[in-house]
Amino acid sequence: MPTSARGARAEPPDAPDALETSARRASARSPVTMRDIAAASGVSQSTVSRVLNNAPTKVPIAPDTRERVIEAARHLGYRPNPLARGLRGAPTNLIGAVVRDFSDVFYAGVIETLVVESMAHGYNVVLGHVNGRLDAGTPLTTVLETRHTDAIILLGDMRAYPELLADLRGSPVPVVALWQGGSPLEFPTANPDDRAGLQAGLEHLASLGHRRIGFLSAELPNNYRIREDAYADFMRDRFGGVPDGYLQRCPLDLNGGESALRRLMALAEPPTAVAASTDLVAMGALHAAHTLGIPVPARLSVVGFDDILIASHTVPALTTLRMPIAEIIGHAVAEAVTLARHPGTGREPSLATFKPELIVRESTAPPGKRP
(Lines give C-alpha, C1' and ligand atoms only; values in the text may rest on other atoms or scores of the structure.)
Protein backbone atom coordinates (compact mmCIF):
# COMPACT_ATOMS: atom_id res chain seq x y z
CA MET A 1 0.00 0.00 0.00
CA PRO A 2 1.57 3.33 -1.04
CA THR A 3 2.29 5.94 1.59
CA SER A 4 0.76 9.41 1.61
CA ALA A 5 4.02 11.07 0.55
CA ARG A 6 3.79 14.45 -1.17
CA GLY A 7 3.08 13.98 -4.88
CA ALA A 8 1.89 10.37 -4.54
CA ARG A 9 -1.34 9.63 -6.43
CA ALA A 10 -4.27 9.11 -4.06
CA GLU A 11 -5.90 5.69 -4.25
CA PRO A 12 -9.70 5.59 -4.34
CA PRO A 13 -11.06 4.57 -0.96
CA ASP A 14 -12.61 1.17 -0.50
CA ALA A 15 -16.43 1.31 -0.85
CA PRO A 16 -18.68 1.21 0.98
CA ASP A 17 -16.58 1.72 4.15
CA ALA A 18 -14.95 4.91 2.90
CA LEU A 19 -18.29 6.30 1.81
CA GLU A 20 -19.77 5.53 5.21
CA THR A 21 -16.86 7.27 6.92
CA SER A 22 -17.11 10.28 4.62
CA ALA A 23 -20.85 10.43 5.13
CA ARG A 24 -20.40 10.49 8.91
CA ARG A 25 -17.80 13.23 8.62
CA ALA A 26 -19.93 15.25 6.21
CA SER A 27 -22.98 14.91 8.45
CA ALA A 28 -21.13 16.77 11.17
CA ARG A 29 -21.19 19.89 9.04
CA SER A 30 -23.53 21.37 6.46
CA PRO A 31 -23.82 21.52 3.55
CA VAL A 32 -21.94 18.76 1.72
CA THR A 33 -19.37 20.24 -0.66
CA MET A 34 -17.55 19.04 -3.76
CA ARG A 35 -14.45 18.69 -1.56
CA ASP A 36 -16.31 16.08 0.52
CA ILE A 37 -17.27 14.19 -2.63
CA ALA A 38 -13.68 14.36 -3.91
CA ALA A 39 -12.38 12.89 -0.63
CA ALA A 40 -15.01 10.14 -0.69
CA SER A 41 -14.47 9.16 -4.32
CA GLY A 42 -10.69 9.56 -4.43
CA VAL A 43 -10.58 12.04 -7.31
CA SER A 44 -9.74 15.71 -7.63
CA GLN A 45 -12.26 18.42 -6.83
CA SER A 46 -12.06 19.64 -10.43
CA THR A 47 -13.07 16.18 -11.65
CA VAL A 48 -16.04 16.21 -9.28
CA SER A 49 -17.05 19.61 -10.63
CA ARG A 50 -16.87 18.42 -14.24
CA VAL A 51 -18.91 15.30 -13.51
CA LEU A 52 -21.64 17.01 -11.49
CA ASN A 53 -21.91 19.93 -13.93
CA ASN A 54 -21.70 17.60 -16.94
CA ALA A 55 -19.04 19.94 -18.28
CA PRO A 56 -17.08 19.13 -21.46
CA THR A 57 -13.49 17.94 -20.97
CA LYS A 58 -10.49 17.65 -23.27
CA VAL A 59 -9.64 14.28 -21.68
CA PRO A 60 -12.69 12.03 -21.28
CA ILE A 61 -13.56 10.97 -17.75
CA ALA A 62 -13.62 7.21 -17.36
CA PRO A 63 -17.11 5.75 -16.88
CA ASP A 64 -16.17 4.06 -13.60
CA THR A 65 -14.77 7.35 -12.27
CA ARG A 66 -17.92 9.19 -13.26
CA GLU A 67 -20.07 6.54 -11.61
CA ARG A 68 -17.93 6.66 -8.43
CA VAL A 69 -18.39 10.45 -8.18
CA ILE A 70 -22.15 10.24 -8.75
CA GLU A 71 -22.51 7.47 -6.18
CA ALA A 72 -20.51 9.44 -3.60
CA ALA A 73 -22.63 12.54 -4.22
CA ARG A 74 -25.80 10.51 -3.83
CA HIS A 75 -24.57 8.76 -0.70
CA LEU A 76 -23.47 11.99 0.96
CA GLY A 77 -26.71 13.74 0.11
CA TYR A 78 -25.06 16.45 -1.97
CA ARG A 79 -27.37 19.27 -3.07
CA PRO A 80 -25.96 21.83 -5.51
CA ASN A 81 -26.26 25.50 -4.54
CA PRO A 82 -28.27 27.07 -7.38
CA LEU A 83 -27.38 30.62 -6.33
CA ALA A 84 -23.66 29.93 -6.52
CA ARG A 85 -24.14 28.18 -9.87
CA GLY A 86 -26.09 31.17 -11.18
CA LEU A 87 -23.35 33.59 -10.17
CA ARG A 88 -20.84 31.46 -12.09
CA GLY A 89 -23.09 31.55 -15.14
CA ALA A 90 -23.82 27.82 -14.93
CA PRO A 91 -27.36 26.42 -15.24
CA THR A 92 -29.17 26.53 -11.90
CA ASN A 93 -31.87 23.95 -12.71
CA LEU A 94 -34.40 26.46 -11.42
CA ILE A 95 -37.55 27.65 -13.19
CA GLY A 96 -38.97 30.96 -12.05
CA ALA A 97 -42.77 31.14 -11.92
CA VAL A 98 -44.35 34.61 -11.75
CA VAL A 99 -47.91 34.22 -10.42
CA ARG A 100 -50.49 36.92 -10.98
CA ASP A 101 -52.66 36.13 -7.97
CA PHE A 102 -51.95 33.70 -5.12
CA SER A 103 -55.41 34.39 -3.65
CA ASP A 104 -57.13 32.76 -6.64
CA VAL A 105 -57.81 29.14 -5.63
CA PHE A 106 -57.38 28.08 -9.24
CA TYR A 107 -53.64 28.80 -9.14
CA ALA A 108 -53.07 26.48 -6.18
CA GLY A 109 -53.60 23.46 -8.42
CA VAL A 110 -51.61 25.08 -11.22
CA ILE A 111 -48.57 25.66 -9.00
CA GLU A 112 -48.68 22.12 -7.61
CA THR A 113 -48.76 20.68 -11.13
CA LEU A 114 -45.94 23.00 -12.22
CA VAL A 115 -43.70 21.86 -9.35
CA VAL A 116 -44.30 18.16 -10.07
CA GLU A 117 -43.74 18.54 -13.83
CA SER A 118 -40.59 20.63 -13.33
CA MET A 119 -39.10 18.10 -10.93
CA ALA A 120 -39.72 15.38 -13.52
CA HIS A 121 -37.40 17.36 -15.82
CA GLY A 122 -34.79 17.84 -13.07
CA TYR A 123 -35.80 21.40 -12.16
CA ASN A 124 -37.09 23.09 -9.02
CA VAL A 125 -39.46 26.07 -8.99
CA VAL A 126 -38.93 29.54 -7.51
CA LEU A 127 -42.13 31.55 -7.05
CA GLY A 128 -42.61 35.27 -7.57
CA HIS A 129 -45.88 37.08 -6.85
CA VAL A 130 -47.24 40.28 -8.36
CA ASN A 131 -50.81 40.80 -7.15
CA GLY A 132 -51.46 43.01 -4.16
CA ARG A 133 -47.94 44.30 -3.56
CA LEU A 134 -46.62 45.73 -6.81
CA ASP A 135 -47.50 48.77 -8.84
CA ALA A 136 -47.42 49.05 -12.61
CA GLY A 137 -43.88 50.43 -12.49
CA THR A 138 -42.29 47.60 -10.54
CA PRO A 139 -39.43 45.89 -12.42
CA LEU A 140 -38.93 42.16 -12.81
CA THR A 141 -35.95 42.04 -10.42
CA THR A 142 -38.30 43.02 -7.57
CA VAL A 143 -40.38 39.93 -8.30
CA LEU A 144 -37.73 37.39 -9.20
CA GLU A 145 -33.93 37.24 -9.21
CA THR A 146 -33.59 36.24 -12.85
CA ARG A 147 -29.86 35.51 -12.62
CA HIS A 148 -30.77 32.46 -10.57
CA THR A 149 -33.32 30.93 -12.96
CA ASP A 150 -32.86 29.15 -16.26
CA ALA A 151 -36.33 30.06 -17.56
CA ILE A 152 -39.43 31.99 -16.48
CA ILE A 153 -43.05 30.86 -16.70
CA LEU A 154 -45.80 33.48 -16.40
CA LEU A 155 -49.02 32.34 -14.75
CA GLY A 156 -51.78 34.76 -15.66
CA ASP A 157 -52.29 37.88 -17.75
CA MET A 158 -49.74 40.52 -16.68
CA ARG A 159 -50.95 43.51 -18.72
CA ALA A 160 -51.51 45.47 -15.51
CA TYR A 161 -47.71 45.50 -14.99
CA PRO A 162 -46.17 47.14 -18.08
CA GLU A 163 -42.66 47.58 -16.61
CA LEU A 164 -42.60 43.95 -15.61
CA LEU A 165 -43.49 42.97 -19.18
CA ALA A 166 -40.87 45.35 -20.57
CA ASP A 167 -38.19 43.68 -18.44
CA LEU A 168 -39.37 40.25 -19.56
CA ARG A 169 -39.08 41.25 -23.21
CA GLY A 170 -35.47 42.29 -22.69
CA SER A 171 -34.51 39.43 -20.37
CA PRO A 172 -31.81 36.99 -21.52
CA VAL A 173 -33.78 34.32 -19.65
CA PRO A 174 -36.38 32.62 -21.88
CA VAL A 175 -40.04 33.26 -21.03
CA VAL A 176 -43.09 31.03 -21.54
CA ALA A 177 -46.53 32.54 -20.83
CA LEU A 178 -49.66 30.68 -19.66
CA TRP A 179 -53.27 31.76 -19.21
CA GLN A 180 -52.68 35.04 -20.99
CA GLY A 181 -56.34 35.74 -21.73
CA GLY A 182 -56.68 38.35 -24.45
CA SER A 183 -53.22 39.89 -24.00
CA PRO A 184 -51.06 40.50 -27.10
CA LEU A 185 -48.93 37.53 -28.10
CA GLU A 186 -45.35 38.33 -27.02
CA PHE A 187 -43.83 35.03 -25.86
CA PRO A 188 -44.29 31.31 -26.52
CA THR A 189 -47.77 30.95 -24.99
CA ALA A 190 -50.22 28.23 -23.98
CA ASN A 191 -53.87 29.11 -23.36
CA PRO A 192 -57.07 27.17 -22.75
CA ASP A 193 -59.73 27.40 -25.46
CA ASP A 194 -62.24 29.07 -23.16
CA ARG A 195 -64.74 29.71 -25.93
CA ALA A 196 -64.89 26.05 -26.93
CA GLY A 197 -65.10 24.99 -23.29
CA LEU A 198 -67.96 27.34 -22.40
CA GLN A 199 -69.88 26.34 -25.50
CA ALA A 200 -69.49 22.66 -24.58
CA GLY A 201 -71.15 23.38 -21.22
CA LEU A 202 -74.00 25.26 -22.89
CA GLU A 203 -74.45 22.47 -25.46
CA HIS A 204 -74.78 20.06 -22.55
CA LEU A 205 -77.58 22.14 -21.02
CA ALA A 206 -79.33 22.53 -24.37
CA SER A 207 -79.12 18.77 -24.99
CA LEU A 208 -80.94 18.23 -21.70
CA GLY A 209 -83.78 20.41 -22.96
CA HIS A 210 -82.94 23.76 -21.34
CA ARG A 211 -83.85 26.87 -23.30
CA ARG A 212 -83.86 29.49 -20.56
CA ILE A 213 -80.15 29.54 -19.66
CA GLY A 214 -78.65 32.33 -17.57
CA PHE A 215 -75.01 33.24 -17.18
CA LEU A 216 -73.04 34.38 -14.13
CA SER A 217 -70.11 36.36 -15.49
CA ALA A 218 -67.32 36.86 -12.94
CA GLU A 219 -65.28 40.06 -13.13
CA LEU A 220 -62.02 38.59 -14.38
CA PRO A 221 -58.69 40.50 -14.53
CA ASN A 222 -58.07 42.89 -17.42
CA ASN A 223 -61.77 42.88 -18.31
CA TYR A 224 -61.49 39.36 -19.76
CA ARG A 225 -64.81 38.59 -21.48
CA ILE A 226 -64.15 35.59 -23.74
CA ARG A 227 -66.44 33.30 -21.71
CA GLU A 228 -69.17 35.91 -21.51
CA ASP A 229 -68.93 36.56 -25.25
CA ALA A 230 -69.14 32.83 -25.94
CA TYR A 231 -72.39 32.67 -23.92
CA ALA A 232 -73.90 35.65 -25.77
CA ASP A 233 -72.97 34.17 -29.15
CA PHE A 234 -74.40 30.76 -28.25
CA MET A 235 -77.70 32.20 -27.05
CA ARG A 236 -78.00 34.38 -30.16
CA ASP A 237 -77.23 31.56 -32.57
CA ARG A 238 -79.33 28.92 -30.79
CA PHE A 239 -82.23 30.80 -29.24
CA GLY A 240 -82.28 34.20 -30.91
CA GLY A 241 -80.59 36.21 -28.15
CA VAL A 242 -80.05 36.66 -24.43
CA PRO A 243 -83.30 37.29 -22.51
CA ASP A 244 -83.38 40.47 -20.43
CA GLY A 245 -81.56 40.03 -17.13
CA TYR A 246 -80.13 36.61 -17.97
CA LEU A 247 -76.54 37.84 -18.10
CA GLN A 248 -75.47 38.82 -14.58
CA ARG A 249 -72.00 40.19 -13.89
CA CYS A 250 -70.61 39.71 -10.40
CA PRO A 251 -67.40 39.75 -8.32
CA LEU A 252 -65.15 36.70 -8.55
CA ASP A 253 -66.09 35.16 -5.21
CA LEU A 254 -68.76 33.09 -3.48
CA ASN A 255 -70.82 36.10 -2.46
CA GLY A 256 -70.78 37.36 -6.03
CA GLY A 257 -72.23 34.12 -7.33
CA GLU A 258 -74.84 34.00 -4.58
CA SER A 259 -76.05 37.57 -5.19
CA ALA A 260 -76.12 37.08 -8.98
CA LEU A 261 -78.26 33.97 -8.73
CA ARG A 262 -80.69 35.70 -6.39
CA ARG A 263 -81.14 38.42 -9.01
CA LEU A 264 -81.72 35.83 -11.72
CA MET A 265 -84.31 33.88 -9.73
CA ALA A 266 -86.19 37.09 -8.91
CA LEU A 267 -86.99 37.64 -12.60
CA ALA A 268 -90.57 37.21 -13.76
CA GLU A 269 -89.46 34.24 -15.84
CA PRO A 270 -86.28 32.90 -14.22
CA PRO A 271 -83.94 30.50 -16.01
CA THR A 272 -84.08 26.74 -15.60
CA ALA A 273 -80.28 26.52 -15.86
CA VAL A 274 -77.26 28.73 -15.28
CA ALA A 275 -73.68 28.54 -16.45
CA ALA A 276 -70.96 30.34 -14.50
CA SER A 277 -67.61 31.63 -15.75
CA THR A 278 -65.81 30.04 -12.76
CA ASP A 279 -66.43 27.25 -10.26
CA LEU A 280 -66.18 29.70 -7.37
CA VAL A 281 -69.12 31.71 -8.68
CA ALA A 282 -71.04 28.50 -9.46
CA MET A 283 -70.59 27.36 -5.85
CA GLY A 284 -72.00 30.66 -4.65
CA ALA A 285 -74.99 29.97 -6.90
CA LEU A 286 -75.45 26.50 -5.38
CA HIS A 287 -75.53 28.05 -1.91
CA ALA A 288 -78.06 30.66 -3.01
CA ALA A 289 -80.30 27.98 -4.52
CA HIS A 290 -80.18 26.05 -1.26
CA THR A 291 -81.11 29.05 0.87
CA LEU A 292 -83.91 29.97 -1.55
CA GLY A 293 -85.33 26.46 -1.38
CA ILE A 294 -84.66 25.79 -5.07
CA PRO A 295 -83.64 22.13 -5.56
CA VAL A 296 -80.63 21.50 -7.82
CA PRO A 297 -80.95 19.99 -10.38
CA ALA A 298 -84.72 19.34 -10.15
CA ARG A 299 -85.60 23.00 -10.67
CA LEU A 300 -82.25 24.52 -11.59
CA SER A 301 -79.20 23.08 -13.33
CA VAL A 302 -75.78 24.63 -12.65
CA VAL A 303 -72.56 24.40 -14.69
CA GLY A 304 -69.19 25.76 -13.54
CA PHE A 305 -65.83 26.29 -15.21
CA ASP A 306 -62.30 25.17 -14.12
CA ASP A 307 -62.98 21.98 -12.09
CA ILE A 308 -61.11 23.14 -9.00
CA LEU A 309 -60.48 20.50 -6.34
CA ILE A 310 -63.65 21.11 -4.33
CA ALA A 311 -65.97 21.01 -7.38
CA SER A 312 -66.52 17.27 -7.01
CA HIS A 313 -67.39 17.67 -3.29
CA THR A 314 -70.18 20.24 -3.47
CA VAL A 315 -73.76 19.14 -2.83
CA PRO A 316 -74.76 18.24 -5.44
CA ALA A 317 -71.41 17.62 -7.12
CA LEU A 318 -70.78 20.32 -9.71
CA THR A 319 -70.94 19.71 -13.45
CA THR A 320 -68.10 21.79 -14.87
CA LEU A 321 -65.47 22.28 -17.57
CA ARG A 322 -62.18 20.78 -16.51
CA MET A 323 -59.29 23.11 -17.21
CA PRO A 324 -56.53 21.15 -19.05
CA ILE A 325 -53.93 22.09 -16.43
CA ALA A 326 -51.73 19.01 -16.85
CA GLU A 327 -51.56 19.44 -20.63
CA ILE A 328 -50.84 23.17 -20.47
CA ILE A 329 -48.17 22.81 -17.77
CA GLY A 330 -46.56 19.83 -19.49
CA HIS A 331 -46.31 21.80 -22.72
CA ALA A 332 -44.94 24.88 -20.95
CA VAL A 333 -42.25 23.11 -18.92
CA ALA A 334 -41.04 21.17 -21.97
CA GLU A 335 -40.87 24.44 -23.91
CA ALA A 336 -39.06 26.26 -21.10
CA VAL A 337 -36.51 23.47 -20.64
CA THR A 338 -35.81 23.34 -24.38
CA LEU A 339 -35.27 27.09 -24.54
CA ALA A 340 -33.04 27.00 -21.45
CA ARG A 341 -30.88 24.15 -22.67
CA HIS A 342 -30.61 25.37 -26.25
CA PRO A 343 -30.09 29.15 -26.13
CA GLY A 344 -29.99 29.34 -29.91
CA THR A 345 -33.56 28.06 -30.18
CA GLY A 346 -35.98 30.67 -31.48
CA ARG A 347 -38.10 32.48 -28.90
CA GLU A 348 -40.62 33.91 -31.33
CA PRO A 349 -44.19 34.35 -30.06
CA SER A 350 -46.34 31.26 -30.62
CA LEU A 351 -49.70 30.03 -29.36
CA ALA A 352 -50.80 26.54 -28.33
CA THR A 353 -54.43 26.08 -27.23
CA PHE A 354 -55.95 23.28 -25.16
CA LYS A 355 -59.67 22.51 -24.97
CA PRO A 356 -61.34 22.06 -21.55
CA GLU A 357 -63.20 18.80 -20.93
CA LEU A 358 -66.86 18.64 -19.90
CA ILE A 359 -67.23 16.78 -16.59
CA VAL A 360 -70.87 15.83 -15.97
CA ARG A 361 -71.83 15.39 -12.32
CA GLU A 362 -75.05 15.75 -10.32
CA SER A 363 -75.81 19.46 -10.68
CA THR A 364 -77.39 19.17 -14.15
CA ALA A 365 -80.55 17.38 -15.33
CA PRO A 366 -83.48 17.99 -17.72
CA PRO A 367 -85.70 20.90 -16.68
CA GLY A 368 -88.29 19.82 -14.14
CA LYS A 369 -91.87 21.02 -13.66
CA ARG A 370 -92.17 24.28 -11.83
CA PRO A 371 -94.79 24.57 -9.05
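**Close-up 1. D237 and R236 form a salt bridge, with their closest N and O atoms 3.3 Å apart.** A salt bridge here is a side-chain nitrogen of Lys or Arg within 4 Å of a carboxyl oxygen of Asp or Glu. The model is predicted, so to speak, throughout: local features need pLDDT of at least 70, side-chain atom pairs count only at pLDDT 80 or more, and totals for chains, interfaces and linings use all residues. Residues are numbered from 1 along each chain as its sequence is written, and side-chain values use heavy atoms, leaving out hydrogens and water. D237 counts as exposed, at 59% relative accessibility, while R236 is partly exposed at 46%. (Buried is under 20% relative accessible area, exposed is over 50%, and partly exposed is in between, with a 1.4 Å probe and protein chains only.) Through shared partners, salt bridges join R195, D233, R236 and D237 into one network.

**Close-up 2. R169 and E186 meet in a salt bridge, 2.2 Å from N to O.** R169 sits in helix α8 (residues 162-170) and E186 in the loop between β4 and β5, so the pair ties together parts 17 residues apart in sequence. Helices (H or I, at least four residues) and strands (E, at least two) are DSSP runs, numbered from the N terminus. Both ends are partly exposed: R169 at 48% and E186 at 26%. A search of the whole structure turns up 14 salt bridges.

**Close-up 3. Here are the rings of F106 and W179, one of 4 aromatic pairs in the structure.** Their centres are 5.4 Å apart and their planes at 80°, so this pair is edge-to-face. (Rings of Phe, Tyr and Trp, the last by its six-membered ring, pair if their centres lie within 6.5 Å; planes under 30 degrees apart are stacked, over 60 edge-to-face, and the rest tilted.) F106 belongs to helix α6 (residues 105-120) and W179 to the loop between β4 (175-178) and β5 (188-192), 73 residues apart.

**Close-up 4. The largest nonpolar core has 43 residues.** Such a core is a set of buried Ala, Val, Leu, Ile, Met, Phe, Trp, Tyr and Cys residues joined through side-chain atoms within 4.5 Å. Among the residues with the most contacts inside it are V110, W179 and I329. Helix α13 (residues 325-341) gives the largest share, 8 residues. Apart from this core lies another, of 25 residues, including Y224 and V302.
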